[in-house]
Structure formats: structure tokens, C-alpha cells
Amino acid sequence: QVQVVESGGGLVQAGGSLRLSCAASRIIFSIRDMGWYRQAPGKQREKVAGITSGGSTNYVDSVKGRFTISRDNAKNTVYLQMNSLKREDTAVYYCNADPPPFGLGPRARGWGQGTQVTVSS
């Protein structure tokens, strides 16, 4: 089971930037595909971006060109650089393995506390 600690969220104006960090432990991080996920109020948790152990990336269409996922295997850390933020990016952001071992559901095990991102107009 992946144990993670997400950080870097906050309140930002539309058009601004934030960089999220995810420190992972208890896994052989370097061989795991990792992802960033988010859950907005009243919506289901969704995958935002993924990065393979080899560094290949993928993004949901709504964030392409604005968000960049990266990883530092030496630090067991995954990052999400978010630029040109929009109000609809407001959500709690989580990181986890990709795919998450126990699913995306609201009561699924194996998720951290997440970090709140709030984008104001």
C-alpha cells in the first residue's frame, strides 16, 4: 500500500500558479507509475495526470498545456506544476499509484489527506 503526503495547495487567483508535491514511502517508488487525482465538491474523484516509472506522462484534456507532472525518484517525490489556474480547478488534490490499488471511490482505502487548491476569480 502506498503511503503519501501531499503538500503545496492553497488559495490562488485565477491565472496564477501552484506547485504540488507528493512524498511517497513504503513502496519501491522508482518502479511504480504514479498519478495526481482531484475531487471537486459534489463530484467524483478523477485522475488529472499520470507519470510512468520511465517518465512518460499523460493528462486529462481539461489540464493539458497548463499542468505538468514530474518525478524525482531519488527523493521518492512526485510534483504537479499547475499554471493558468481556473476556478474549475478548485478541488482537493491527491497523489497515488496509477492505477490506485483500491480504486477511486470516496471510501476507498489507501489515500492520503490530500491538499486543498482553491482558485478565486
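A salt bridge is taken as a side-chain nitrogen of Lys or Arg within 4 Å of a carboxyl oxygen of Asp or Glu. In this predicted model, five salt bridges are counted by that rule.

Arg38 pairs with Glu46. Their closest N and O atoms lie 2.8 Å apart, so the contact qualifies under the 4 Å cut-off. Arg38 has a relative accessible area of 6% and is buried. Glu46 is partly exposed, at 30%.

A second salt bridge joins the side chains of Asp98 and Lys47, with an N to O distance of 2.7 Å. Lys47 is partly exposed, with a value of 27%.

Asp89 and Arg66 also form a salt bridge through their side chains, at 2.7 Å from N to O. Again the link spans distant parts of the chain, here 23 residues apart. Asp89 lies in the loop between strand E8 (77-82) and E9. Arg66 lies in the loop between strand E6 (57-59) and strand E7 (67-72). Both Asp89 and Arg66 are buried. Through shared partners, salt bridges unite Arg38, Glu46, Arg66 and Asp89 in one network.

Key. Residues are numbered from 1 along each chain as its sequence is written. This is a predicted model: local features need pLDDT of at least 70, side-chain atom pairs count only at pLDDT 80 or more; totals for chains, interfaces and linings use all residues. Side-chain values use heavy atoms; hydrogens and water are left out. Buried means under 20% relative accessible area, exposed over 50%, partly exposed in between (1.4 Å probe, protein chains only). Helices (H or I, at least four residues) and strands (E, at least two) are DSSP runs, numbered from the N terminus.
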